[in-house]
Amino acid sequence: MDGVIVLNKPLGKTSHDMVSFIRRLIGVKKVGHTGTLDPYAGGVLPICIGRATKAADMLTATDKRYRAELILGKTTDTQDAHGKVLSESSVDVTDDLICDRIKSFVGDIEQIPPMYSAIKKDGRKLYELAREGIEIEREARKIKIYSIDVEEIRRSDAVSIVIDVFCSKGTYIRTLCEDIGKSLGTGAYMNALTRTASGNFCIEKSYTCEELTEMHCKGEIDRALIKVDNLFEYDKITVKDIQAKRLKDGVRISADGICEGEMYRVYDTRDGFLSISECREGRLVLKKAFWN
């Protein structure tokens with residue numbers, strides 16, 4: 001079995017838990033995910049199976065979309081609802097000011113990764129150091145926020161804001177929520193998070209563990225599987241057998257109708273998916289191999 005299943009990850013489960021679930025469900029060892037989703041976050045987690053694991057790095061480097069809830073008036077050491085409260089303050093800000101400050105984060109910005117993250121320093125993950133009470137200096141990273149839409153502002157015991165964020169890979173929504181709180185002078189932490197899209201994969205076309213289990217029992221799990229070549233939107237090129245052999249040998253090959261700098265899905269004469277290749281100086285250069 002080769003392809004991608006778009007899983008709707010439940011809260012409280014790690015991304016590794018979901019890889020193990022798919023392995024057990026379909027009986028395939030070669031399984032991986034395309035980017036960690038925090039245990040307390042839910043939503044879109046593409047799971048690569050078989051040959052599709054070769055594409056994991058290409059699928060990870062994609063833009064993301066999230067629906068998040070942030071609470072004003074408190075900060076925590078983990079930047080979310082599961083951490084220790086570090087500060088509290090009153091909240092006296094208008095809805096207009098909230099919307100204006102949130103919109104100010106749209107564009108190219110720098111973000112300091114949180115201590116509670118899987119980034120490694122000298123071979124150790126930052127969250128491991130954080131759990132030992134160790135905090136180290138982190139370099140700011142450039143990210144891009146394409147859009148932030150304020151969906152709802154609730155005022156009861158606390159001021160709660162629901163936002164829809166479209167952002168580049170590597171954006172920490174917990175940190176964004178805290179930074180929004182700083183800009184308002186109130187402090188803030190992330191209370192809930194759902195990834196609604198990862199690249200071309202969206203939550204509307206994802207499957208829960210329960211749905212996948214039922215499909216497997218009915219022998220219909222293939223319905224949830226996106227074929228490897230359908231993961232890419234590049235034009236299709238078919239090459240002759242001799243060219244296919246040369247491609248597998250690492251040789252640059254020629255093909256009709258290719259354009260400089262463009263990427264292509266390359267197939268053999270039996271419609272077998274061979275590779276993703278790029279046109280350079282009039283020839284196809286292998287970028288990622290997918291042949292058996």
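1. A salt bridge is scored here when a side-chain nitrogen of Lys or Arg lies within 4 Å of a carboxyl oxygen of Asp or Glu. By that rule, the count is 18 salt bridges. Side chains of opposite charge can pair when their charged atoms come close.

2. On provenance: the model is predicted, local features need pLDDT of at least 70, side-chain atom pairs count only at pLDDT 80 or more, and totals for chains, interfaces and linings use all residues. Residues are numbered from 1 along each chain as its sequence is written, and side-chain values use heavy atoms, with hydrogens and water left out.

3. Glutamate 152 and arginine 154 meet in a salt bridge at 3.1 Å, N to O. Glutamate 152 has a relative accessible area of 34% and is partly exposed (buried is under 20%, exposed over 50%, partly exposed in between; 1.4 Å probe, protein chains only). Arginine 154 is partly exposed, also with 34%. A network of salt bridges links Glu69, Glu152 and Arg154.

4. Glutamate 220 pairs with arginine 223, with 3.3 Å between the closest N and O atoms. Glutamate 220 is partly exposed at 31%; arginine 223 is exposed at 55%. Glutamate 278 pairs with lysine 287, the closest N and O atoms being 3.7 Å apart. Here glutamate 278 is buried at 16%, while lysine 287 is partly exposed at 40%.

5. The structure holds five aromatic pairs (ring centres of Phe, Tyr or Trp, the last by its six-membered ring, within 6.5 Å; planes under 30 degrees apart are stacked, over 60 edge-to-face, the rest tilted). One of them joins tyrosine 146 and phenylalanine 166: tilted, 4.7 Å centre to centre, 35° between the planes. This pair links distant parts of the chain, 20 residues apart: tyrosine 146 is in strand S10 (residues 141–155) and phenylalanine 166 in strand S11 (residues 159–167). Strands are DSSP E runs of at least two residues, numbered from the N terminus.

6. Tyrosine 267 and phenylalanine 273 also form a tilted pair, with centres 5.4 Å apart and planes at 45°. Both residues are buried. Lysine 236 lies over the face of tyrosine 267, at 4.5 Å from the ring centre (NZ of Lys or CZ of Arg within 6 Å of the centre and within 35 degrees of the ring normal).

7. Leucine 45 sits in strand S3 (residues 42–49) and is buried at 0% relative accessibility. Its C-alpha is 6.2 Å from that of asparagine 8, 37 residues apart along the chain.

Key. Helices (H or I, at least four residues) and strands (E, at least two) are DSSP runs, numbered from the N terminus.
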